[in-house]
Amino acid sequence: MFKQIQHYKSDPIESLFDRLAADVNPAKIDLGIGVYRDYSGKVPVMQAVRRAEQQLFERDLSKSYLSPLGNTAYCEDIEKLTLGVDHPILREGRIVSAQTPGAGSALRAGAELVNSLNPDSELWASQPIWGHQLEFFDKVGIKINHYRYYDQLNSVLDFDGMLEDLKGMRPNDIFLVHGCCHNPTGQDLNLQQWQELANIVNQTGALPFVDIAYQGFGEGIEEDVAGPRLFAENVPQMLLTVSSSKSFGIYRERAGILSVIVASDDGTDIESVRLKLRDTVRQLYFMAPDHGAAVVHEILSTPELEQLWRQELDEIRLHIIEMRRLLRLAIEKANPDFDAEFIEHQHGMFSCLPITAEEQELMEQKHHIYMLPNARMNVAAMNSKQSAILAEVFAEVRAAR
Ligand SMILES: Cc1ncc(COP(=O)(O)O)c(C=O)c1O
């Protein structure tokens, strides 16, 4: 059986981590992995998480099975945190959610759900995009289309290109869009642009799938989801996934939601949608782990812990903003003719260095600087020495053009 698996080719993200691990140069710089690091370079566990874990440990909790829909109290918390307690979708009861093992599984489950209802649905994903995201759809057999999103060499959003491409969506095609802190570019949409996207969805009949993985990493917990909230009010139906991996720093615990938001006026039976969602996730992985979701619920239902978490998330956000400022300064110092303002106005952990794939390869081979495809740098993982080296190498690359 397994003999046929030979010379199996690793995917580009996994192979980067393999090359990085194999590089014995002590000066190598890892800008790849998408985790937040504090000033000491550690991936910290939030105090709010520690205290919630302690509270859960001291309480006599059961480890019995939950439903495949997972921790429903957690789902309700995240729906409110993301959409806002007064959002019409919540008031009108137009949402059903499953707690999933992170947003990754939610994307896969969402792909399965749509494909089972309409095998002709195609995906529309931004160019560039976080590479792993596409496999969740591709492996279900969904055809992938790209819409223009970001002009990497000029470091600007290509909104006109985006609108033009999205006009090609057909009814029931999936329009995948990042809610905030776009991965990999850090380039977000403003409120007017979200409104224009809602108009395109209404014109084409596409089904939006909004992916929010970094709430609180950009401008603030509320600010980061203002666009998705407005968008959700102006489209008839959509899928939503929210990850707790980054916002609560619980990456390996695997907690997120997949929500189906249904139309109010087309006769959809929301209870049937709930059962279909339950069956879809059960058939994929049976049931999600509970610990991460239980921790998040404990935080969001204990006012003191919620306040502590908000404070800690704000500190993370401010640290990222400071790292962005320092990187911009370092790049402009080493490249006096270059405007690196984009690094400051972009959001979240990532930005793309405006270089070609060949230049990125050279930076890796000659200077041991490792970045994800599209020269995605994790700005939040960089210390000041590394920013200075990166800036110098960038100057060298530009000089050789
Ligand atoms: C945009 C986006 N969506 C989803 C995910 C997956 O997150 P999770 O760890 O919750 O599976 C990521 C992780 O990097 C991401 O960047």
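Helices, meaning DSSP runs of H or I with at least four residues, and strands, meaning runs of E with at least two, are numbered here from the N terminus.

Good morning, colleagues. The structure above is a predicted model, in which local features need pLDDT of at least 70 and side-chain atom pairs count only at pLDDT 80 or more, while totals for chains, interfaces and linings use all residues. Residues are numbered from 1 along each chain as its sequence is written, and side-chain values use heavy atoms, with hydrogens and water left out.

I begin with the ligand. Its shell holds 13 residues, and the closest are A103, D211, Y214, S243 and R254. Helix α5, residues 102-117, gives the largest share of that shell, 3 residues. Sorted by class, the shell has 4 nonpolar, 6 polar and 3 charged residues; Ala, Val, Leu, Ile, Met, Phe, Trp, Tyr, Cys and Pro count as nonpolar, Asp, Glu, Lys and Arg as charged, and the others, Gly among them, as polar.

Next, the polar contacts, which are pairs of N or O atoms within 3.5 Å. A backbone N or O atom of A103 is 2.7 Å from a ligand oxygen, and a polar side-chain atom of N183 also lies 2.7 Å from an oxygen atom of the ligand. On the nitrogen side, an N or O atom in the side chain of D211 lies 2.7 Å from a nitrogen atom of the ligand. The protein covers 92% of the 400 Å² of accessible area that the ligand has on its own, by the Shrake-Rupley method with a 1.4 Å probe.

Where does the ligand sit? The space it takes is the largest pocket, given that more than half of its atoms must lie within 2 Å of the grid points. A pocket is an open set of points, on a 1 Å grid over the protein atoms alone, where a 1.4 Å probe fits, with protein on both sides within 12 Å along at least five of seven lines; lining residues have an atom within 4 Å of a point. The lining has 31 residues, with G34, W130, H132, Y214 and K246 nearest the centre.

Finally, the backbone. N183, already named for its ligand contact, is joined to P184 by a cis peptide bond with omega about 20°, and P184 is in the loop between β7 (174-178) and α8 (191-204). Another cis peptide bond joins Q127 and P128, with omega about 5°. R254, one of the closest residues to the ligand, has a positive phi near 65° and is found in the loop between β9 (238-243) and β10 (256-261).

Technical notes
Near = heavy atom within 4 Å. Polar contact = N/O pair within 3.5 Å; in protein donor to acceptor, adjacent residues only side chain to side chain.
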